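Subject: Structure handover

Dear colleague,

Here is the structure I said I would pass on. My notes on it follow below.

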Amino acid sequence: MIATPVLSLSHLRKVYGETVAVDDLSFDLARGEIVCLLGPSGCGKTTTLRMVAGFVPPTGGTIAIDGASVAHLPPYRRDTGMVFQHYALFPHLSVAENVGFGLRSLGVPRAEREQRVRETLGLVELGPLAARLPRELSGGQQQRVALARALAVRPAVLLLDEPLSNLDAQLRVRMREELRGLIRRLETTTLFVTHDQEEALVLADRIVVMNRGRVEQVGPPAEIYEAPATRFVAEFIGLCNLLEGTVRAVQDGEVIVDTRGGLQLRVAGGPASPGERVALAVRPEQVVPAPAGNVPNRLPTASRHRLAVGGEELLMETHAAPAAGGVPAGEIEIALDPARLRLLR
Ligand SMILES: Nc1ncnc2c1ncn2[C@@H]1O[C@H](COP(=O)(O)OP(=O)(O)O)[C@@H](O)[C@H]1O
Ligand SMILES: [Mg+2]
């Protein structure tokens, strides 16, 4: 038997006037899974999260939590906890009152509420600050209050909208690790949104790459990185060489591609038809010196390397192909002949 997904989006769509914010979005979250919606600004991430949370009514499609449609339920009845991008803490309520807000909406009796608030504040290490107002907190502390408020109701699904984007760069990295530890420990099913690929690669079990309201690819971080399914994914995540070309033929399960720059390359897989315009994506670390023997796609090359030397970047060119295995993975040493350096004024 296949377990019912905790969260299931099916053909979800949202249109604002002329703008299609979310278009035919479908994916599931298994119990305990951490899934990231990754995409550029304006691709529909926040709209998706708000539809799940119940703040925005979908134009079409369905949202189910634990197998049941939530269409008719107000936000506080959906069994979700949401952390908003700008936290949206209630400014006139104390930390403890903010964290207890969802429990109050649900009618949880006072004694249990207080107990749960204490527990949740403990989780995010904010116990001693329970009586403070939001404006008396740092950015990182506000972020943790927002997280505690979402967690206090013990939601089936935790929703996080760019939870780290309001923090300065240094704090962001630290909080990223803390957040990762916390959501892993709680085993809470989590859907979080970011435009930051590093955050997605570090935090997520699976990534849903979005572009213009649509899904480009869904998969574990390594798969998204190593096997981008579209040009958009190849270019949006990591560094990638893209070689534009045309399919010449399909032979023995391999596709032969003529690139625009005059190379003829063989690629595993397909399907493809002769004359079709394609692009070949190659990650920089997949470009390696050819081993000895008869290997496909052996290419004579003038090697150009972009070298990081101290804080400078130097372009290096050598006309002998590097020996197989001869390029060290980490540092290489170069020398610059003083007689060849030109001083310009
Ligand atoms: N309330 C709204 N009214 C009109 N257009 C909106 C509204 N909310 C979002 N949009 C539009 O929908 C698209 C997706 O927005 P959003 O979901 O906020 O993107 P993201 O969170 O990925 O940056 C954008 O083009 C945005 O301008
Ligand atoms: Mg957004």
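A residue is called buried here if 20 or more other C-beta atoms lie within 10 Å of its own, and exposed if 12 or fewer do. The model is a predicted one, so please read what follows with that in mind.

Helix α3

With that cut-off, Arg-113, Val-117, Thr-120 and Leu-121 of α3 are buried. These residues lie on the same side of α3, because the arc they cover around the axis is only 100 degrees. In general, an α-helix has 3.6 residues a turn, so residues three or four places apart point the same way. Ala-111, Glu-112 and Gly-122 are on the other side of α3 and are exposed. The length of the helix also agrees with expectation: α3 has 14 residues (110-123), which at 1.5 Å a residue should span 20 Å, and its end C-alpha atoms are 20 Å apart.

Domains

The chain is divided into two parts, domain 1 (7-232) and domain 2 (239-323). Taken over C-alpha atoms, the centres of domain 1 and domain 2 are separated by 40 Å.

The antiparallel sheet

Four strands make an open sheet in the order β2-β1-β4-β5, and the pairing is antiparallel. The edges are β2 and β5 (68-69); each has a single partner strand, so one side of each is left without a neighbour in the sheet.

Strand β1 (residues 7-16) is joined to β4 (residues 60-65) by five bridges. Among the pairs, Ser-8 has Ala-64 as its bridge partner in β4, and Leu-9 has Ile-63. Between β1 and β2 there are seven bridges, again in the antiparallel sense; here Lys-14 stands opposite Val-22 of β2. β1 and β2 form a hairpin with two residues between them, and Gly-17 in the turn has a positive phi of about 55 degrees.

Strands β6 and β7

The pairing of β6 (residues 80-83) with β7 (residues 157-161) is parallel and has four bridges.

Ligand 1

Which residues are around ligand 1? They are Tyr-16, Thr-19, Ala-21, Gly-39, Ser-41, Gly-42, Cys-43, Gly-44, Lys-45, Thr-46 and Thr-47. Of the elements, α1 gives the most, with three residues. By class, the shell divides into three nonpolar residues, seven polar and one charged.

Glu-226

Glu-226 belongs to helix α7 (residues 221-226). Is Glu-226 buried or exposed? Glu-226 counts as exposed, because it has 12 C-beta neighbours inside 10 Å. Asp-66 is 160 residues from Glu-226 along the chain, and the C-alpha atoms of Glu-226 and Asp-66 are separated by 32 Å.

Regards

Notes
Residues are numbered from 1 along each chain as its sequence is written. Chains are lettered from A and ligands numbered from 1 in the order in which they are written. This is a predicted model: local features need pLDDT of at least 70, side-chain atom pairs count only at pLDDT 80 or more; totals for chains, interfaces and linings use all residues. A residue is near a molecule or strand if its C-beta atom, placed from the backbone, lies within 6 Å of it. Ala, Val, Leu, Ile, Met, Phe, Trp, Tyr, Cys and Pro count as nonpolar, Asp, Glu, Lys and Arg as charged, and the others, Gly among them, as polar. Domain bounds come from an automatic or database domain assignment. Two strands pair if DSSP finds at least two bridges between them. The expected span of a helix is 1.5 Å times one less than its number of residues. The arc is that of the directions from the helix axis to the C-beta atoms.
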